[in-house]
Amino acid sequence: MFTVEVEEGLELALVEPKFASEYLEIVSNQRDYLSEWLAWPPHAVNEEFFLSFIKKSLHDYADGKSLVCAMMYQNEVAGNISFNTINHDLQKVEIGYWLRCDLQGKGIVSKSLSRLIDYAFTKLNMQKVQISAATDNQASRNVCERLGFKLEGVITRAENLNGRVVDHAVYGLSCPILAKT
């Protein structure tokens, strides 16, 4: 099983079926919060939803198309972070993440994201990491900017978030080795 230690008490673990019940509990308790910036929480009403998501994620991981991990904070699922897509032809990954609201402000996303960026550049030989966030999602945008991502542009009318159409700020980070040449 794929696991990466971020620091003591924080690791990234490839999703597995046993996480489905924990994901459901988080979403059931924080549905309104998560629905502000994610389209899927209103549809996540049973464990089968997450089992299906995990099964697809594991198939895509086996095919080298994505890497979906639970952020495990003090041995509990804190949220999710992933290479939503791994494009080997373009040597680019696209990252997405979400975190329980009660764990914000502890650096969990920033530290996990840093570790995944390092993994993309050193283990997967990617040349670019990209993140898209709703323009009004200042918390996610702050994470990108804090980690050195550059705003590459804004895509208008990029996503329907549960009846609210939002624009996306697209951030990119190039492999540091390329940046020096």
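Let's start at D60, which is buried, with a relative accessibility of 16%. Keep in mind as you look around that this is a predicted model. The D60 side chain has a partner: it meets the side chain of K56 in a salt bridge, 2.6 Å from N to O. Both residues sit in helix α2 (residues 47–62), and because they are four residues apart there, about one helical turn separates them.

Another one of them joins the side chains of E7 and K111, at 3.1 Å from N to O. This pair ties together distant parts of the chain, with E7 in strand β1 (residues 3–7) and K111 in helix α3 (residues 108–122), 104 residues apart. E7 is partly exposed at 32% relative accessibility, and K111 is also partly exposed, at 33%.

Now move to R100, which forms a salt bridge with D102, with 2.7 Å between the closest N and O atoms. Shared partners bring in E76 too, so that E76, R100 and D102 form one network of salt bridges. Within it, R100 is buried at 12% relative accessibility, whereas D102 is partly exposed at 44%.

Finally, have a look at two loops. Q91 lies between β4 (76–87) and β5 (92–99), and has a positive phi of about 55 degrees despite not being a glycine. N162 sits in the loop between β7 (150–161) and β8 (164–174); its phi is also positive, at about 55 degrees, and N162 is not a glycine either. Q91 is partly exposed, with a relative accessible area of 33%, and N162 is partly exposed at 37%.

Note on methods:
Residues numbered from 1 in each chain as written. Predicted model: local features only at pLDDT ≥ 70, side-chain atom pairs only at ≥ 80, totals over all residues. Heavy atoms only, no water. Buried < 20%, exposed > 50% of the residue type's maximum accessible area, 1.4 Å probe, protein only. Salt bridge = Lys/Arg side-chain N within 4 Å of Asp/Glu carboxyl O.
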